[in-house]
Amino acid sequence: NLGAISHDISRLIRYEIEENSNLVTTTTEMVETLLEVAQFKQAVEEDQTTQEVYFRISQLLTEKFGVNTFSIYEVLHTNNHMKAVVVDGDQQKPACWCNARVMFHADSCRTHRTGHVIDSFDSRYICSQFNHSEETKHLGHMCIPVFHSGQVGMIIQIVAKRTEGPVYQFLLPFIRTYLRESSPTVEAKRLLDTLRESALRDALTGLHNRRFLKEYEDTLIATTRRKNNSLSILMMDLDHFKHVNDTYGHDVGDTVLKALAKTLSAQVRTSDIVIRYGGEEFMVILQENYDYTGPQLAEKIRIAVEKMK
């Protein structure tokens with residue numbers, strides 16, 4: 001009976017039991033793993049945001065499996081992009097181990113393209129997108145795909161000394177069990193994030209909408225006070241827009257609004273927020289540090305709009 005139970009559990013976590021291993025010890029360890037996985041799954045389900053889940057996975061890699069150098073990538077299927085959501089436990093740190101090309105062409109990532117674990121501990125140059133150099137020649141990497149609705153939705157990249165490769169090859173089935181159990185929750189939270197984001201953006205221009213402003217105004221003010229910064233607010237109205245609609249039709253009017261939105265976005269910094277406030281009314285919120293640059297930006301925008309064709 002113990003042999004049958006051990007066999008069933010090993011199939012569940014996809015772990016191959018060695019012939020000479022102690023059956024009682026091995027089975028006990030696998031049962032304990034399943035219990036910990038169930039607890040991890042419950043914790044993930046209770047997390048509020050996708051970012052919290054990503055950070056919990058990074059804590060798992062560090063505290064449970066002793067991984068210190070790793071990247072968690074989110075695959076964005078709508079534009080074939082990838083983005084690093086956690087690097088070495090830091091949610092702000094940029095990706096550093098792969099060619100920047102994979103960020104904008106996800107298909108160039110071998111793990112994303114094949115859906116297989118890519119293990120360079122066994123085959124050093126298996127992935128052409130890893131940053132092979134004199135500094136990284138002693139390092140190997142293992143990239144693990146996590147599937148969402150039949151597609152690779154997330155990739156865990158572990159980087160370690162080549163001598164440590166056998167350790168991570170041994171740990172791989174256990175790491176994949178945790179990732180597999182958390183996958184449906186990550187997918188569901190990502191879908192909710194997408195729906196929420198779409199509700200806070202104007203469908204025509206892609207800019208934030210008035211609902212976004214209402215929802216985030218308290219956060220903006222609190223952040224500004226905490227950092228001892230200031231906010232500058234530009235309000236603008238597109239002149240003679242009714243004449244455009246009446247003369248050329250609403251489709252042309254929509255084209256004008258989209259062109260204006262693109263022009264506004266091109267003039268501001270990434271920290272600034274552009275909002276479609278109403279029909280032809282727009283708002284820009286500048287998160288200032290030291291100098292008051294509102295008038296300069298306003299004039300910069302006015303000149304850019306004047307040059308629009």
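Are helix 3 and helix 6 roughly parallel or roughly antiparallel to each other? The model is predicted: local features need pLDDT of at least 70, side-chain atom pairs count only at pLDDT 80 or more, and totals for chains, interfaces and linings use all residues. Residues are numbered from 1 along each chain as its sequence is written, and side-chain values use heavy atoms, without hydrogens and water.

The axes of helix 3 (residues 50-64) and helix 6 (residues 165-199) cross at roughly 165° and come within 9 Å. Axes are lines fitted to C-alpha atoms, for helices over the stretch in contact, with angles from 0 to 180 degrees between N-to-C directions. Helices (H or I, at least four residues) and strands (E, at least two) are DSSP runs numbered from the N terminus. Helix 3 and helix 6 are therefore roughly antiparallel, a term for angles over 145 degrees.

Residues in this contact (heavy atoms within 4.5 Å) include Tyr54 and Ile57 of helix 3 and Tyr178 and Leu179 of helix 6.

An open sheet of five strands has the order 2-1-5-4-3 with antiparallel pairing; strands pair if DSSP finds at least two bridges between them. Strand 4 (residues 139-148) and strand 5 (residues 151-161) pair over ten bridges, and glycine 140 has alanine 160 in strand 5 as its bridge partner.

| Helix | Strands touched | Angle |
|---|---|---|
| Helix 3 | strand 1, strand 2, strand 5 | about 150° with strand 1 |

Conventions. Angles under 35 degrees count as roughly parallel, over 145 as roughly antiparallel, 65 to 115 as roughly perpendicular and the rest as oblique.
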